[in-house]
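Me: Could you talk me through this model, starting with whatever I need in order to read the helix labels?

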Amino acid sequence: MAVSRPRSYQGWALLGAGFRPFFLLGSVYAGLAILVWLPVFHGEITLLSAFAPRDWHVHEMLYGYLPAVITGFLFTAIPNWTGRLPIQGTPLLALVVVWIAGRLAVTLSAETGWLTAMLVDASFLALVAAAATREIVAGRNWKNLNVVILVLLLLAGNLAFHLEAHFNGLAETGIRIGIAVVVLLISLIGGRIIPSFTRNWLVRENPGRLPAPFNRFDIIVVAITALTLVGWIVSSGSPLTGAALALTGLLHLVRLARWAGDRTFRERLLLILHVGYAFVPAGFLLNAASAFGLVAPGAGVHAWMAGAAGTMTLAVMSRATLGHTGQPLTASRATQAIYLAIIVAALARVCAVIEPSHSEPLLYVAAFAWTAAFFGFAIVFGPLLAGVDRRRKTVA
């Protein structure tokens, strides 16, 4: 049963909905972490983290910025799924503080101790899973409990990351678990919202061929994706895994072709969702090539993370921010520049792995384009997230 919504939220606008603080902080941190990573990578500065430098970088991308964006999306979507009141105000502020504490604990873990860092860091995803479960169960929205399961798997990957890094020196399995969960989330959620948003726009603006809705084919592809990713976690370099990765990549290409993305060029806010999802099959195919020794392993991983995760998060954040603050659902020139920057970053990062002779300049291109994309999002959308509509000079 849906409950009545409050007439208006009277507190600080930034805490009025889950997407507001987490989209803003997540985007700022995504850019800041890469700016810090460049001098760390070149040995110019040293972090006070118990993690090896590479592991800190991977962890803060995979278990730092991404959980913030995922939380912002979930806490905005769940009230729509359940009809219940959104989490806002003091409870939302508490979650924000826990997330920030996790970032500090991980970065200063050489001082605070690895166990303290793990407990503080992991508590964020545990609280998110608990809050999401409470809302979904109370709203009897059973079909969306699978999203909570994926959040719990991300939590398990985070714990595995900390334990591996402490006892083995480097994290490997924890990294692959986190990446697999993110790819599965994009496959599941993207597979629902992309054809839905595309259909709505095409019916109104460009009548003709429409995308196929989420159906049995999509369920089969997601199930095969899950099985393939389990195999990749266990044995990423085996020929059998390589064959499964190649098949899964082809299935995702077929899936993407069914969504009529070629008919969305007039609206970049929609087109970017299709472009972002295209990095999912690209990641599978590059990882398949890696399993057969054709390319270095990092190419597929960065297609998934810099490409699919980076592009999809910016696409979803920009669309959700516009929609939930009452703005027109269209991409401004500034928004299109953000999209261009993240595509450049993703392509440059993948090419840096494929072409090692040009890796250093490509790494700089990728890093600065990534930073420009996420800082650009914070600058362009920050006032809306903070509740200020610059056109009307009022609180949104």
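Reply: Helices are DSSP runs of H or I with at least four residues, strands are runs of E with at least two, and both are numbered from the N terminus. The model is predicted, so local features need pLDDT of at least 70 and side-chain atom pairs count only at pLDDT 80 or more, while totals for chains, interfaces and linings use all residues. Residues are numbered from 1 along each chain as its sequence is written, and side-chain values use heavy atoms, with hydrogens and water left out.

Me: Fine. How many cavities of 30 Å³ or more does a search of the whole structure find?

Reply: The search finds two cavities of 30 Å³ or more. On a 1 Å grid over the protein atoms alone, a cavity is a set of points where a 1.4 Å probe fits but cannot get out, a pocket is an open set with protein on both sides within 12 Å along at least five of seven lines, and lining residues have an atom within 4 Å of a point. A volume is the space filled by probe spheres set on the points, which are joined across faces, edges and corners.

Me: And which helix gives the most to the lining of the largest cavity?

Reply: That is α7, with six residues, and α2, α7 and α11 each supply at least two. The largest cavity has a volume of about 270 Å³, and among its 15 lining residues Ile 70, Ile 186, Ile 189, Thr 313 and Val 316 lie nearest the centre. By class, this lining has 13 nonpolar, two polar and no charged residues, where Ala, Val, Leu, Ile, Met, Phe, Trp, Tyr, Cys and Pro count as nonpolar, Asp, Glu, Lys and Arg as charged, and the others, Gly among them, as polar.

Me: What lines the second largest cavity?

Reply: Its lining consists of Phe 75, Ile 78, Pro 79, Leu 85, Pro 86, Ile 87 and Glu 135, around a space of about 40 Å³. α2 has the largest share of that lining, three residues, and the classes are six nonpolar, no polar and one charged.

Me: Switching to pockets, how much space lies in the largest pocket, and which helix gives the most to its lining?

Reply: The largest pocket holds about 910 Å³, and α2 gives the most to its lining, with seven residues. Of the 37 lining residues, His 57, Val 58, Val 301, His 302 and Arg 349 lie nearest the centre of the pocket. At least two lining residues come from each of α1 (19–41), α2 (53–82), α7, α10 (268–291), α11 (298–324), α12 (333–354) and α13 (359–385), and the lining divides into 26 nonpolar, seven polar and four charged residues.

Me: What about the second largest pocket, what is its volume?

Reply: Its volume is about 590 Å³, and Phe 73, Ala 77, Trp 81, Ile 193 and Phe 197 lie nearest its centre among 23 lining residues. The largest share of this lining, six residues, comes from α7, and by class it has 13 nonpolar, seven polar and three charged residues.

Me: α7 keeps coming up, so at what angle do the axes of α7 and α8 cross?

Reply: The axes of α7 (residues 173–205) and α8 (residues 216–234) cross at roughly 170 degrees and come within 10 Å. That makes α7 roughly antiparallel to α8. Axes are lines fitted to C-alpha atoms, for helices over the stretch in contact, with angles from 0 to 180 degrees between N-to-C directions; angles under 35 degrees count as roughly parallel, over 145 as roughly antiparallel, 65 to 115 as roughly perpendicular and the rest as oblique. By class, the contact of α7 with α8 has 10 nonpolar, three polar and one charged residues.

Me: One side chain I wondered about is His 252: buried or exposed?

Reply: His 252, in helix α9 (residues 239–257), is buried, with a relative accessible area of 0%; buried means under 20%, exposed over 50% and partly exposed in between, with a 1.4 Å probe and protein chains only. Not counting residues up to four places away in sequence, His 252 touches Ser 187, Val 221, Thr 225, Tyr 277, Val 280, Pro 281 and Phe 284, contact being heavy atoms within 4.5 Å.

Me: And where does Phe 23 lie?

Reply: Phe 23 lies in helix α1 and is buried, with a relative accessible area of 1%. The C-alpha atoms of Phe 23 and Met 317 are separated by 6.5 Å, although the two are 294 residues apart along the chain.
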